[in-house]
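Hello,

Here is the structure I promised to pass on to you. Please have a look at it first, and then read my notes below.

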Amino acid sequence: MLAFDMPSAFTREDVAQIAALANLELDPSEIDLFARQLGDILTYAEEVQQVDTTGIPPTASVVPCHAADRRDEVRPSLNLAEALGNAPDAALGAGFFKVPRVIG
């Protein structure tokens, strides 16, 4: 259940206002098309809201495990000389890349 009511349709004025907020220039035929398409999406959303989900736990994600959830393990990687070997202006002694200043 939503905390607010969704509009049952989008008017031409609604679409024009959204387009203005997004800095989009739409011609009249596009405004009509998008108003109809957005209205169709809202109609479908209303149908989905009618589905009985009693007894179904909320789901944060349909993916059971994310790559970020993997264990932190030390793995072989490049040594310092290899990592800095192709750098255009590497500071090998300090162990970092030199890059041009970009902020003040």
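A residue counts as exposed when its relative accessible area is over 50%, and as buried when that area is under 20%, with partly exposed in between. By that cut-off Val99 is exposed, because its relative accessibility is 66%. You will find Val99 in the segment that follows strand 2, which spans 96-97. Its C-alpha lies 7.4 Å from that of Asp89, although 10 residues separate Val99 and Asp89 in sequence.

Now for the wider view. Please keep in mind that this is a predicted model. The mean pLDDT of the protein chain is 82, and 87% of the residues reach at least 70. Of the chain's elements, helix 1 has the highest mean pLDDT, at 94, while strand 1 (residues 90-91) has the lowest, at 70.

The protein chain holds three helices and two strands, and along the sequence they come in the order α-α-α-β-β. Of its 104 residues, 9% are buried.

The part I would show you next is the pairing of helix 1 with helix 2. Two packed helices are described by the angle between their axes and the distance between the axes. Here helix 1 and helix 2 pack at about 105°, and their axes are 9 Å apart. Angles of 65 to 115 degrees count as roughly perpendicular, so helix 1 is roughly perpendicular to helix 2. On the helix 1 side, the contact is made by Arg12, Val15 and Ala16; helix 2 brings Pro28, Ile31, Asp32, Phe34, Ala35 and Leu38. Sorted by type, the residues of this contact are seven nonpolar and two charged, with no polar ones.

Which side chains meet in a salt bridge? They are those of Asp32 and Arg12, with 2.4 Å from N to O. A search of the whole structure finds one salt bridge. Arg12 belongs to helix 1 (residues 12-21) and Asp32 to helix 2 (residues 28-49), so the pair ties together parts that are 20 residues apart in sequence. In general, side chains of opposite charge can pair when their charged atoms come close. Is this pair buried or exposed? Asp32 is partly exposed, because its relative accessible area is 37%, and Arg12 is also partly exposed, with a relative accessibility of 37%.

Asn23 sits in the loop between helix 1 and helix 2. Its phi is positive, at about 55°, although Asn23 is not a glycine. Asn23 is exposed, because its relative accessible area is 71%.

Last, back to the strands. Ala90 is part of strand 1, the element with the lowest mean pLDDT. What is Ala90 in contact with, once its neighbours within four places in sequence are left aside? The answer is Leu84 and Phe96. Ala90 is partly exposed, because its relative accessible area of 28% falls between the limits of 20% and 50%.

Best wishes

Key
Residues are numbered from 1 along each chain as its sequence is written. This is a predicted model: local features need pLDDT of at least 70, side-chain atom pairs count only at pLDDT 80 or more; totals for chains, interfaces and linings use all residues. Side-chain values use heavy atoms; hydrogens and water are left out. Helices (H or I, at least four residues) and strands (E, at least two) are DSSP runs, numbered from the N terminus. Buried means under 20% relative accessible area, exposed over 50%, partly exposed in between (1.4 Å probe, protein chains only). A salt bridge is a side-chain nitrogen of Lys or Arg within 4 Å of a carboxyl oxygen of Asp or Glu. pLDDT is the predictor's confidence in each residue, from 0 to 100. Axes are lines fitted to C-alpha atoms, for helices over the stretch in contact, and angles run from 0 to 180 degrees between N-to-C directions. Angles under 35 degrees count as roughly parallel, over 145 as roughly antiparallel, 65 to 115 as roughly perpendicular and the rest as oblique. Contact means heavy atoms within 4.5 Å. Ala, Val, Leu, Ile, Met, Phe, Trp, Tyr, Cys and Pro count as nonpolar, Asp, Glu, Lys and Arg as charged, and the others, Gly among them, as polar.
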